[in-house]
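Please read the following note alongside the sequence and the model. Each numbered point takes up one part of the fold.

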Amino acid sequence: MKVRGFRNAVIAGLTLGAPSALAQTEITVTATPPEATRLDDRTVYDLANNLQAKGGGSVADILTALPAVSVDPAGKVRVHGAAVTVMVDGKPSAALRGMPLATALQSMPANTIAKIEVITDPGPEFRGDAGIVVNLVTRKPRSPAAKADLGAGIGPQGRRSGSAAGSFGVGAWTFNGSVDVRDDIRYDLLDIDRTAKNADGSAAGRLVEHRSTFVPYTNTTGTLGISYAASAHDTVSLAGEGALRHRPRQYRDDLGVYGSDGGVTSRSVTQDRAPQHFDHASLTGDYVRKGVVGGDTLTAKASHEDHETLRDQTDDELFQVPASVEDIYRQRHTERELIDTVSGDYVLPLPREGQLKLGFQVESDRVQSAYQAGTVGGPGDGGFGATPAARFGLNRTLSAGYASYQRLLGPWLAKGGLRVESMATRFLAGADGMPDSNDLRWLPSLSLGRDLSPESRLTFSYTRRIDRPTTEQLNPLQTIVGATTILGNTGLRPSRTDSVAAGYTYTAAKVTASGSLYARRLTDDIVDYRYAAAPGDTALVSTVENAGSGTSAGLDLAVDFHVGPDWAVGLSSDLSHVRESIPVGGGNYNGALFTHLTKVNLTWTPAEGDRLQLQAQLHGRSPEAGGTRSGYQSVTLSYGHDVTSRLKLIVTANDVFNGVRRVTWIDTPQYRERSELAVPGQIVYFRLTYRLGGDENKAGAAAP
């Protein structure tokens, strides 16, 4: 319960403090259909003709339109019900791991992304974090001709955006850069009705909470790249990226606690102010040598990343029963993560469609975190009274190597690979009793594919992947959010996913259809574990455990076709059965359900230079620890008009029916709860884009 007595008792009884889960991560995302190319191990979506990307949408907006990709209101990305690793140009980033992922995807401009690859069967060249990879392929200059794209957009309640991107060449040198600035707003409304239980199942008390959250986003991102063609075979490039992502969250929390007789035990109305930022900077150098030995390619890469997080939350008590003078409470969490990576890859083409790939990766990840909380005291105490700061730090070193080989075996193209990863973890502070560890994993993969006809292809695959815990999940420092205390767990192990799949693809002039049968088995799954702070208490403690296991199996179907010269239609549905075993307070929850993710994309071209796109999605139910969560639906409309061959107007109406609303039901031996989260997203955006330079005759087809 969010009253001072409870908070002070929690702080007095715990020596550890909060993970990065303090910040709410609200995302409502909608988009329009990209064009798809289906390969054996992945589907590649081209954004060249996507109105949402041209119209100033974020990467999160685009992801939600992709078949089988789910981006829920909290910003969690999943494919086929499995965890997802988001990479940029095949490499991971600190800004795209753990809790910052939602904020990063919402702030990343889609017009800097050329393609999105959804890799359902990742090969050994990909780092073993998660069973599925979403790879963002950035735009790169293809010619020395100078060109640039400008864009500006507006929406209601002060929403606005501006962007510029360009490139030019001078001799063997190529330069490119981009900048994107956007102000956005997100809301959510959360209602919780929780009843605590006694040992015999009778009601011990009740908590009713209504929280309204207001999050204004101010995001500025910029990139700069330089490339030098030293010879016909050798290219050297240097790229820098910076992002300032500020989101000063505010919320109002009305919380009431009632006894078993229904009488009021306590009541509080709290107003929260929480300046937050997620700043990121990176520098990457690449060396590529091509075509020296039989069309081979050698790539070497080195990068440095610096990621800083701040969450500084102050609560003012506007109303409280019983009365208390402790009416101001503050908690502050800071974190800095430094990552240095060196990697190399070698690809050698061989006869009979053969190919040999070899590579390595070494990464050093250093995290320093601090947390301080308490009742605001007198002058000079820093706003925390006498409460000292708790600190947590760790160093993780990843060493990995891989090899893969493919060739034709009769009519079959066979590919086998093995990746070996070693993760050495050293805890520096805030993890008493936790020994250093060295985790070694062998990750095999195998795939087979053959053409049944010039139009159709059959594939089979097996992969083993792991999902290593994020720094937020390992961080044991506490945070209080509403009536929940959040703790990380330094003892987490990687979870393991073994998956098999069989796919079929048919491609003709006007129709592309694909189907995939898949099955996944999860071991040591990292899941949320919520339990009562004390027997019969309505307040909860939330942490994470390696206690989940289960299976999922499904059928992923997609078809794209043209109806006459003016209509393009895309239909997809992921039908799946999920069975999970998850710990809940006082016992273990075993649940199973059938669910689906269905999407419809329509594109109408009534005249040259005009395009109307509709994207609708319907999410089915999903399992939750101790219960289930309802699905939701949304519809988005986009209209693009070529004012001239270079000037375009794009109008996007997001979530036309305001349908992003999810209800969760939980019933455990310790408590029963119904919660409802609504994320209003009914917003209309207007955007103009203008293209400078390049070929004017092709400007209409080029992406900004």
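1. Tyr-402 lies in strand S19 (residues 390-409); helices (H or I, at least four residues) and strands (E, at least two) are DSSP runs, numbered from the N terminus. Tyr-402 is buried, with a relative accessible area of 8%, where buried means under 20% relative accessible area, exposed over 50%, and partly exposed in between (1.4 Å probe, protein chains only).

2. This is a predicted model, in which local features need pLDDT of at least 70 and side-chain atom pairs count only at pLDDT 80 or more, while totals for chains, interfaces and linings use all residues. Residues are numbered from 1 along each chain as its sequence is written, and side-chain values use heavy atoms, with hydrogens and water left out.

3. Which residues does Tyr-402 touch, not counting residues up to four places away in sequence? Among them are Pro-124, Glu-125, Asp-345, Leu-358 and Arg-419, a contact being heavy atoms within 4.5 Å. Pro-124 is 278 residues from Tyr-402 in sequence, but their C-alpha atoms are 5.8 Å apart in space. The side chain of Tyr-402 also reaches the backbone oxygen of Leu-358 at 3.5 Å.

4. Seven strands form an open sheet with mixed pairing, in the order S1-S2-S6-S7-S5-S4-S3; two strands pair if DSSP finds at least two bridges between them. Strands S1 (35-38) and S3 (69-71) stand at the edges with a single partner strand each, so one side of each has no neighbour in the sheet. S3 pairs with strand S4 (residues 77-79) in the antiparallel sense over three bridges, and the bridge partner of Ser-70 in S4 is Arg-78.

5. Elsewhere, strand S15 (residues 276-290) runs antiparallel to strand S12 (residues 234-246), joined by eleven bridges. S15 also pairs with strand S16 (residues 297-321) in the antiparallel sense, over 15 bridges. Within that pairing, Thr-284 stands opposite Ser-303. The hairpin of S15 and S16 has six residues between the strands, and Gly-291 there takes a positive phi near 70 degrees.

6. The largest nonpolar core has 28 residues, and those touching the most other members include Leu-63, Val-86 and Leu-105. Such a core is a set of buried Ala, Val, Leu, Ile, Met, Phe, Trp, Tyr and Cys residues joined through side-chain atoms within 4.5 Å. Helix H3 gives the most to this core, with four residues. A second, separate core of 14 residues includes Tyr-329, Ala-373, Leu-477 and Leu-492.

Definitions and conventions: Polar contact = N/O pair within 3.5 Å; in protein donor to acceptor, adjacent residues only side chain to side chain.
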